[in-house]
Amino acid sequence: MENGGAGALRIRRVMLLFVLLEMSQAGSESRRFSVPEEMQSGSFVGNVAKDLGLEVGELFSRGARVVSNDNKQRLQLDINTGDLFLSEVLDREELCGSTEPCVLHFQILMKNPLQFLRFELQVRDINDHSPIFLEKEMLLKIPENSPVGAVFLLESAKDLDVGINTLKNYTISSNSHFHIKMRVNPDNRKYPELVLDKALDYEEQPELSFILTALDGGSPPKSGTACVRVVVVDTNDNSPEFAQPFYEVKIPEDSLLGSPVVTVSAWDLDSGKNGEISYTFSQVSEDIRKTFEINQKSGQVSLTAPLDFETIESYSVIIQATDGGGLFGKSTLKIQVMDVNDNAPELTVSSITSPIPENSPETVVMVFSIRDRDSGVNGRIICSISEDLPFILKSSVENYYTLETESPLDREERAEYNITITVSDLGTPRRHTQHNLTVRVADVNDNAPAFSQPAYTLRVRENNSPALHIGTVRATDADAGANAQLTYSLLPPSDPHLPLASLVAINPDTGQLFALRALDYEALRAFDFQVRAADRGAPALSSQARVRVLVADANDHAPVVLYPPQNASAPCPELLPRAAEPGYLLAKVVAVDGDAGQNAWLSYRLLQATEPGLFGVGAHSGEVRTARPLSERDAPRQRLLLLVRDHGEPPLSASVALHVLLVDGFSQPYLPPPEAPGRAPGAGADEPLTVSLVGALACVSALLVGALLALGAGRLCRRGGAASAGGGSGPAEGGVAGQLLDVGGTGTLAHGYRYEVCLAGGSGTNEFKFLKPTLPNLPVQDTGRNIGENENFRNSLGFNVQ
């Protein structure tokens with residue numbers, strides 16, 4: 001609100017200032033400056049100080065400036081010199097229009113003391129505009145019988161300039177019929193008149209054109225032009241005349257209705273309605289009126305009814321041309337009808353046989369007749385089909401034809417034929433008629449089913465669920481319908497011992513194979529059988545394919561430990577001399593696995609030990625060796641618990657306990673048991689030693705017998721399984737394998753161990769031949785120092801090692 005009040009106060013002060021200025025200068029004379037229009041901005045107008053009789057610096061000291069009532073700053077004052085300049089280009093026509101003189105009012109305001117001086121600026125006109133006609137073309141219609149001296153008014157031009165620069169005169173281009181006369185209106189505007197000097201003749205010159213020029217009074221003068229077009233209006237003084245007095249045309253009899261026959265042409269020298277010609281038939285018969293018509297404006301004769309050369313060969317017609325004034329002219333038209341080949345050949349079917357059985361001998365497919373309604377050469381016809389088809393056309397009596405097969409057809413090669421029979425006449429131009437025929441070939445059961453592959457190999461994991469889908473056999477038949485509908489079945493196996501009916505079933509419609517019961521890899525690793533695919537044709541055709549089913553092993557057998565035996569009544573300890581060095585071979589755990597492949601790969605691990613860190617076991621060999629030297633603090637009896645695990649998913653395992661007896665040396669005649677350390681060394685030394693040796697002999701014998709029985713049973717099972725599968729799988733499948741990772745199912749029994757136990761006869765000290773392992777292909781460290789030390793250790797006890 002405060003800002004608004006301050007603004008209103010300033011406005012009132014300015015208005016009061018102007019009122020005071022007006023009052024102070026009331027009755028004073030205006031001083032005038034003059035400039036021509038179109039001067040550039042910054043052009044000098046005059047010196048205000050000189051005009052007012054003021055000193056040069058007085059304008060500056062009094063704060064002089066230029067003001068105007070319309071607030072447009074068209075002038076600029078230099079208060080240091082008093083010079084007045086243009087601030088913009090002045091256009092007199094824009095500022096004042098046609099007003100003359102063109103004066104602009106402005107004031108010089110001086111503040112100290114307050115003085116208000118009036119000035120006028122006259123803008124002088126220059127010749128910067130040319131005369132302009134509003135219409136660039138003027139049209140005058142003058143009758144050809146107009147009298148000489150007739151006057152016709154023309155449009156005037158306009159010039160925006162004033163005074164001497166405005167419009168001054170009119171002229172026309174040179175011609176023999178008109179001249180220009182200039183007139184002045186009461187408002188002092190000049191306009192031109194056209195005066196006829198020579199009579200007009202429409203037939204001689206129907207139109208005249210000349211240039212009308214308007215000139216102003218400038219120096220140099222400027223001009224504007226317009227085209228004046230004079231159209232001579234005709235009078236009816238001429239009759240129509242035809243271009244030809246006699247017309248003769250030829251028209252084919254097969255011309256289409258509405259087609260043009262001929263166009264007659266007449267002209268009239270008159271114009272307008274007098275020159276408008278209409279065409280009509282004159283004195284014609286009813287047949288001509290029905291057959292032909294003429295366009296009244298164009299003179300075109302058209303066909304309105306069919307022509308027949310055999311009925312009427314020619315027509316004569318009189319054509320009349322009449323103008324708008326009633327004058328007319330006549331001409332004769334003769335129309336000759338021409339005979340043409342206007343009838344196409346016709347084909348009529350008598351019988352059709354479709355479909356045609358394949359492999360049939362030559363068969364009549366269709367019987368038909370052809371004709372042409374024309375005569376002479378236009379009525380002669382020929383018949384044909386495509387040459388790349390196994391069909392031929394044979395001519396019969398008169399115009400009858402038969403379409404026959406050229407050779408037996410094969411539906412599997414092509415089941416359908418699209419045949420086009422073309423009938424042509426010999427006229428000019430030739431006319432053709434085509435008949436399209438589709439011949440289907442019926443199927444005969446001449447193709448046996450074909451399997452997608454001659455042999456199929458299917459894989460199924462053992463212990464599968466009953467009714468498991470194990471694969472699909474697929475066959476196709478090139479025939480169609482029932483001849484291509486297939487039924488699948490199993491053929492009796494070649495091996496009478498193979499219970500195929502209880503192993504596999506087949507879906508007769510889809511060829512899907514299903515396992516009827518769970519399969520056991522250890523009992524049956526693979527089996528073969530034949531499948532048959534038969535169609536439903538009469539007679540039925542069939543084919544066979546071989547199917548081999550491979551049973552994949554599953555980890556369903558845990559490892560079995562052969563040594564040390566676990567079914568003995570009393571554990572048989574392993575003897576370990578206290579002088580044994582680290583790495584001493586104490587024993588070898590032997591285990592087998594009934595599975596195959598990765599499922600039979602075994603690894604060994606020590607689970608528990610009486611003295612942790614004293615023994616170690618080979619992860620793959622199962623060899624138990626000392627890990628450090630023995631000391632007197634080690635217990636004389638050691639118990640080791642070992643874990644044997646396969647590599648199946650999930651893995652299966654077994655554990656075995658190994659009992660170890662620490663001895664000081666094999667030369668001692670008596671080894672006191674750890675549980676009776678207080679007995680005297682000399683009391684009953686022979687009896688305990690004999691008992692111990694007999695026990696050890698019994699353990700080793702039981703171990704040997706168990707190992708032999710297990711190996712024999714494994715060999716028999718593998719041979720039986722290989723025989724059931726139709727063949728063996730090599731020596732690796734029976735017996736103990738010779739590799740560390742056994743794929744034959746024998747675990748890690750890497751070597752064949754043979755033990756000989758006998759009693760030395762006639763010995764006074766009751767010597768025994770000690771258990772001797774036969775270790776073929778052992779590593780150097782196994783057959784070197786450790787084995788030798790073991791033999792020396794046992795020989796010191798009185799055993800003979802063989």
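Reader: In this predicted model, which residue of S23 is the bridge partner of Phe-292?

Author: The model is a predicted one. Strand S22 covers residues 292–294, and three bridges join S22 to strand S23, residues 300–303, in an antiparallel run. Within S23, the bridge partner of Phe-292 is Leu-303.

Reader: Which strands stand at the edges of the sheet that holds S22, and why is one side of each left without a neighbour?

Author: The sheet is open and has three strands in the order S19-S23-S22, with antiparallel pairing. The twist from one strand to the next averages 20 degrees. Each edge strand has a single partner strand, so one side of it lacks a neighbour in the sheet; these strands are S19 (260–263) and S22 (292–294).

Reader: How is the aromatic pair of Phe-292 and Tyr-315 arranged, and how many residues apart in sequence are the parts that this pair ties together?

Author: A pair of aromatic rings is described by the distance of the centres and the angle of the planes. For Phe-292 and Tyr-315 the centres are 5.1 Å apart and the planes stand at 80 degrees, an edge-to-face arrangement. Both Phe-292 and Tyr-315 are buried. Phe-292 belongs to strand S22 and Tyr-315 to strand S24 (residues 314–322), so the pair ties together parts whose separation in sequence is 23 residues.

Reader: Why is the pair of Phe-391 and Tyr-417 classed as it is, and which strands hold the two rings?

Author: The ring centres of Phe-391 and Tyr-417 are 5.4 Å apart and the planes stand at 80 degrees, so the pair is edge-to-face. Phe-391 is buried at 3% relative accessibility, and Tyr-417 is buried at 6%. The pair links distant parts of the chain, 26 residues apart: Phe-391 lies in strand S30 (residues 391–395) and Tyr-417 in strand S32 (residues 416–425).

Reader: What is the C-alpha to C-alpha distance between Asn-236 and Ser-271?

Author: Asn-236 lies in the loop between strand S16 (223–233) and strand S17 (241–242), and at 27% relative accessibility it counts as partly exposed. Leaving aside neighbours within four places in sequence, its contacts include Asp-270, Asn-274 and Asp-323. Asn-236 and Ser-271 are 35 residues apart in sequence, and their C-alpha to C-alpha distance is 7.8 Å.

Reader: In the open sheet of four strands, which residue of S42 stands opposite Val-460?

Author: The order of the sheet is S35-S42-S41-S38, with mixed pairing. Its edge strands are S35 (455–461) and S38 (486–490), each of which pairs on one side only. Seven bridges join S35 to strand S42 (residues 542–552), and the two run parallel. The residue of S42 that stands opposite Val-460 is Val-551.

Reader: How many residues are in the largest nonpolar core?

Author: In soluble globular proteins, nonpolar side chains tend to be buried together. Val-547 touches Tyr-456, Leu-458, Val-473, Leu-513, Phe-527, Asp-528, Phe-529 and Val-531, with residues up to four places away in sequence not counted. Val-547 is one of the residues with the most contacts inside the largest core, whose number of residues is 28.

Reader: Which residue is joined to Pro-539 by a cis peptide bond, and what is the phi of Gln-283?

Author: Most residues other than glycine have a negative phi, and most peptide bonds are trans. Pro-539 is placed in the loop between S41 and S42, and the residue joined to Pro-539 by a cis bond, with omega near 0 degrees, is Ala-538. Gln-283 is in the loop between strand S21 (278–282) and helix H5 (286–291), and at 72% relative accessibility it counts as exposed. The phi of Gln-283, a residue other than glycine, is positive, near 55 degrees.

Key
Residues numbered from 1 in each chain as written. Predicted model: local features only at pLDDT ≥ 70, side-chain atom pairs only at ≥ 80, totals over all residues. Heavy atoms only, no water. Pairing = 2+ DSSP bridges. Axes fitted to C-alpha atoms, helices over the stretch in contact; angles between N-to-C directions. Phe/Tyr/Trp six-rings, centres within 6.5 Å; stacked < 30°, edge-to-face > 60°. Buried < 20%, exposed > 50% of the residue type's maximum accessible area, 1.4 Å probe, protein only. Contact = heavy atoms within 4.5 Å. Core = buried A, V, L, I, M, F, W, Y, C linked by side-chain atoms within 4.5 Å.
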